[in-house]
Amino acid sequence: MDNSILNPGGTLGIIGSSTNGVGLVIAARNAGINVGVYGDNENTETMELADFRVVGALNDQQQLQNFAERCDMVTYESETIDASVINFLAAHTRVPQGADALEITQDRSLERAFFSQLNLNVAPSATIVSLDDVYQSIGSIGYPSILKPIQKGLGQNRQLVIKTQTDIVKAADLLDWGTYLLESLIPYDKELSVFGAKSGDTTAFFPTVENRYQNHELVASIVPAQIDSAVNDEMLRITKEISDNLNYTGVFEVAFFLTKSGNLYVKRIVPAMHQAGYVFERATNISMAEQHLRAIAGLPLMPVKQLMPVVAAYFTPAQESGIRTQWQIKTNWFFNFYHRTLLQAHRAPVAGHVLVEAPSVKEALKQIEDTSIWRFGQSAPAETETDTEDDA
């Protein structure tokens with residue numbers, strides 16, 4: 001028997017507690033696989049659905065080792081898990097995703113070096129350690145620009161948008177925290193994502209997604225993205241090149257900015273499942289979680305087929321009353337209410353999402369906008385965004 005394959009009756013460990021884990025638990029249990037979940041909060045839906053759960057801190061090595069030894073393999077369901085935790089788990093059980101991709105993407109300087117190695121088009125940037133560095137670099141970076149910590153995940157209060165020279169002095173306190181990256185803000189027209197699943201030398205791609213944000217929060221994901229075929233082909237080429245050079249197994253996302261003039265910039269890589277991929281639950285013949293499970297379990301990847309245009313719209317608790325009205329009248333809307341929403345101090349929690357099927361993207365968007373529950377229009381210009389979703 002091939003020990004690299006996770007078969008029915010085996011045990012999958014999931015580390016993390018975002019909503020990404022819910023679909024993964026369901027996919028695994030449907031396949032006859034037992035599921036254990038490790039996290040520091042027992043009041044999550046992923047924990048609730050598991051066959052067994054271990055509540056512990058991410059730096060509790062004894063608990064982590066005990067968890068790992070109960071699992072045939074472990075997967076992380078979010079990019080926010082520290083790479084050092086994955087390296088520790090990998091000493092005690094199989095972790096097919098590995099930690100290499102996390103180590104690259106959790107450090108903006110390493111991610112930039114990776115992009116540079118592949119000669120990818122990214123926003124101009126400079127490494128900043130002092131206020132003088134900002135003054136010296138702003139001429140080549142230009143206005144508006146954004147100052148971000150080298151380490152991802154520290155939150156938007158550690159970032160600064162610099163629109164004029166008078167804004168630079170505000171950076172003095174931020175730079176006390178450590179090294180930063182000064183990056184030009186690209187005046188983009190659309191934010192786009194390509195999701196792939198990698199297993200060995202094979203990468204299977206999902207249809208390209210168009211994402212729309214408000215106040216740094218993802219509010220809609222659209223399939224198919226409304227872009228030229230030449231742009232789509234170039235995005236797939238870039239994503240394949242990234243996949244070929246990334247030591248990783250499982251579902252990942254490459255996010256892009258597209259300007260009105262047609263210039264394409266690589267924004268970031270997410271070496272994990274991501275919220276924008278929920279749209280595939282109805283848009284394609286296999287969900288993001290099901291394909292991720294196939295990849296890490298050592299099974300052949302499913303060839304992805306687009307079934308129909310779908311828009312995923314995310315709602316907050318404040319919008320739930322309107323959502324419940326639509327529940328009673330819509331025949332082509334599919335509702336997902338998150339049972340246990342993690343409350344986060346810096347943002348309104350997402351309470352769920354709806355998937356709207358329609359003959360065209362235009363029709364789906366019209367149905368959504370006619371409810372007056374959402375007003376998301378086009379993607380916000382870069383000047384109004386500090387760092388969409390990557391500090392979640």
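Tutor: Contact here means heavy atoms within 4.5 Å. The model is predicted: local features need pLDDT of at least 70, side-chain atom pairs count only at pLDDT 80 or more, and totals for chains, interfaces and linings use all residues. Residues are numbered from 1 along each chain as its sequence is written, and side-chain values use heavy atoms, with hydrogens and water left out.

Student: Which residues does His339 touch, not counting residues up to four places away in sequence?

Tutor: His339 touches Glu45 and Glu48. His339 itself lies in the loop between β16 (333-337) and β17 (352-357); such strands are DSSP runs (E, at least two residues), as helices are (H or I, at least four), numbered from the N terminus.

Student: Why is His339 called exposed?

Tutor: Exposed means over 50% relative accessible area, buried under 20%, and partly exposed in between (1.4 Å probe, protein chains only). His339 has a relative accessible area of 60%, so His339 is exposed.

Student: What makes Ser287 buried?

Tutor: Its relative accessible area is 13%, which is under 20%, so Ser287 counts as buried. Ser287 is placed in the loop between α10 (280-283) and α11 (288-296). Leaving aside neighbours within four places in sequence, Ser287 is in contact with Phe206, Phe280 and Glu281.

Student: How do you know whether Phe252 is buried or exposed?

Tutor: The relative accessibility of Phe252 is 1%, again under 20%, and therefore Phe252 is buried. Phe252 lies in strand β13 (residues 250-259). Beyond residues up to four places away in sequence, Phe252 touches several others, among them Val194, Phe195 and Pro271.

Student: Why is α3 called oblique to α4?

Tutor: Helix α3 (residues 61-69) and helix α4 (residues 83-90) pack at an angle of about 50°, with their axes 9 Å apart. Axes are lines fitted to C-alpha atoms, for helices over the stretch in contact, and angles run from 0 to 180 degrees between N-to-C directions. Angles under 35 degrees count as roughly parallel, over 145 as roughly antiparallel, 65 to 115 as roughly perpendicular and the rest as oblique. The angle of about 50° falls in the rest, so α3 is oblique to α4.

Student: Which residues make that contact?

Tutor: Gln61, Leu64, Gln65 and Ala68 of α3 meet Val85, Phe88 and Leu89 of α4.

Student: How do you know how confident the predictor is?

Tutor: By pLDDT, the predictor's confidence in each residue, from 0 to 100. The mean for the protein is 92, and 93% of its residues reach 70 or more. Over residues 379-392 the pLDDT is below 50. Where pLDDT is low, the predicted coordinates should not be read in detail.
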